[in-house]
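Please find below a colleague's note on the model under review. The points are numbered and may be read against the sequence and the coordinates.

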Amino acid sequence: MAPRIPAAVGERLAKLAASGGDVADLAAFVAIPSVSAQPPHAPDVRRSAEFLRDRLRKAGLTAEIWETQGHPSVYAEWLGAAGGEAAPTILIYGHHDVQPPEPLEQWGTPPFTASVRDGRLYGRGVVDDKGQVYCHVLALEALLQETGRLPCNVKLIVEGEEEVGSAHFDALIEKKKERLRADAVLVSDTPMLDRDHPSICYGLRGLAYLEIEVAGPDHDLHSGGYGGGVANPGTALAEILASLHDKRGRVAVAGFYDDVVRMPGRERKAIAKLPFDEAGWLKTVGAPAAVGEQGWTTLERLWGRPTCDVMGVMSGYTGPGAKTILPSRALAKISCRLVPDQDPGKVASLLQAHVRKVAPAGVRVDVRVLHGGKPWRAEPRHRVFKAAARALEAAFGKPTVFIREGGSIPFVRTIADILQVPCLLVGFGLPDENAHAPNEWLDLSNFRKGTLACVGLYAEVAACIRKSPPKPAE
Ligand code: BES
Ligand code: MN
Ligand code: MN
């Protein structure tokens, strides 16, 4: 057992794992369909917040619902550490909302009935992010129940609208920033590089999400009677989408790269040294080849280069067989993943200007901005990163790697800017666990190692902060 994990805590968690009690507990949370994107599920998002609040109270923390203009968050704390207010404080973040489960017919078992098969738990949200939130719930509970205390003060904020862009969450964070004050932030909502490498993520891409609508005739037309007489919105949209990239895979929107900070050579070297199994990665992806902007490796493209990708296209007749209509409209959903120092608002404006410029004659084009989030990158130099790496190594018995990620978590940049303290992104997901897709799963052995790692993390991080020299008096 790692030195910083009290024996009684380790034993309690081992017993819980052996009985499957931890999985049954998580399954009840997964059973609540907290789909933030779908308005009919709004009451379920609230129910999942209430469930989590009650669960955290049972674990031994004080907990409450924090309302937003959108879906509710859960806030919990335990501030009984020796030294009181002066003791180190960790702020833990996660989210309790989940992605829509569709397409339902592709699931092997129903998305909101968590089911165990071959050491995996299947269900929507099991890894993103309910299972990872539960690593903390179980770790905090084991510590509080077995030792009566935590190694530091702990605050926990679990958001209800991460999967829809956190539109109302920033306002809550701003309002509550004094309550949220902490010495370090700990986020478990990212995958590990692979199952053999516990990972600390020091960078996330940002996002600008838009919708392009092309309108032609005011109703669908017989393509024989009218085809060739007016512009076809489907074809016009294809032309617009084709103009987004050049032959080298670069985004061909004027000004798109203006604010991009190039990855420094030393970072590229460090990334090249990571034990990334590209062939294995491609196999789990199921695509014939890894393709993207020329001049960058796959990991560099995923972590450090911006993109402009089609997320969805709709136009005309898409049912079985042939139907001869000229569609009256066409719609595309576009997401741009951003890197420092790109700004979501600025990129959205550049894209709007580009689309207006290239739109062919005879159609009306509307570009709407749906949501955005800023990119984030930290210099993982603070010694708290080393302390966290030690805790992970102890729990996993494997070396820790430092990675960036291509996904987005808007909260991280918001809190990093407000609190100006180190943010540790320590996630326990695996890259192929089908987050957002059908058959999302959670590796149960990783779930349990992750829970144990949390126990060690709190202690290592607390000890490391406590050892910091006191700040000079103002
Ligand atoms: N947990 C993910 C973020 C993530 C995914 C980080 C993969 C690293 C690798 C999070 O729940 C998520 O899906 N975020 C959205 C944010 C968006 C809706 C603003 C995303 O990245 O699409
Ligand atoms: Mn997530
Ligand atoms: Mn997600």
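1. Which residues coordinate the manganese ion (ligand 2)? In this predicted model, its ligands are His95 through NE2, Asp128 through OD and Asp189 through two OD entries, at 2.0 to 2.5 Å. Donors are N, O and S atoms within 2.8 Å of the metal (3.2 Å for Na, K and Ca), and sites may look incomplete because water is not among the atoms.

2. On conventions, the model is predicted, so local features need pLDDT of at least 70 and side-chain atom pairs count only at pLDDT 80 or more, whereas totals for chains, interfaces and linings use all residues. Residues are numbered from 1 along each chain as its sequence is written, chains are lettered from A and ligands numbered from 1 in the order in which they are written, and side-chain values use heavy atoms, with hydrogens and water left out.

3. The geometry at the manganese ion (ligand 2) is irregular because its six donor atoms subtend angles of 56 to 164°. By the criteria applied, four donors are tetrahedral if all angles lie between 85 and 135 degrees; four are square planar and six octahedral if opposite donors are over 155 degrees apart and all others between 65 and 115; anything else is irregular. Along the chain the donors follow the spacing H-x32-D-x60-D. The pair His95 and Asp189 links distant parts of the chain, 94 residues apart: His95 belongs to strand S3 (residues 89–95), and Asp189 to the loop between strand S7 (184–187) and strand S8 (199–201). Strands (E, at least two residues) and helices (H or I, at least four) are DSSP runs, numbered from the N terminus.

4. The manganese ion (ligand 3) is coordinated by Asp128 (OD), Glu163 (OE), Glu163 (OE) and His436 (NE2), at 2.1 to 2.5 Å. Here too the arrangement is irregular, because the six donor atoms subtend angles of 55 to 157°. The spacing of the donor residues in sequence is D-x34-E-x272-H. Asp128 bridges this ion and the manganese ion (ligand 2), which lie 3.5 Å apart.

5. Both His95 and Asp189 are buried, as are Asp128 and Glu163. Buried denotes under 20% relative accessible area, exposed over 50%, and partly exposed the range in between (1.4 Å probe, protein chains only).

6. One runs from Asp128 to Asp129, with omega near 5°, and Asp129 is in the loop between S5 and H4. Another joins Glu102 and Pro103, with omega about 0°; Pro103 is in the loop between S3 and strand S4 (115–117). Most residues other than glycine have a negative phi, and most peptide bonds are trans.

7. Positive phi values also occur. Ser166, which is not a glycine, has a phi of about 55° and sits in the loop between S6 and H5; Ser166 counts as buried because its relative accessibility is 3%. Asn434, also not a glycine, has a phi of about 60° and lies in the loop between strand S18 (423–425) and strand S19 (441–443). With a relative accessible area of 32%, Asn434 is partly exposed.
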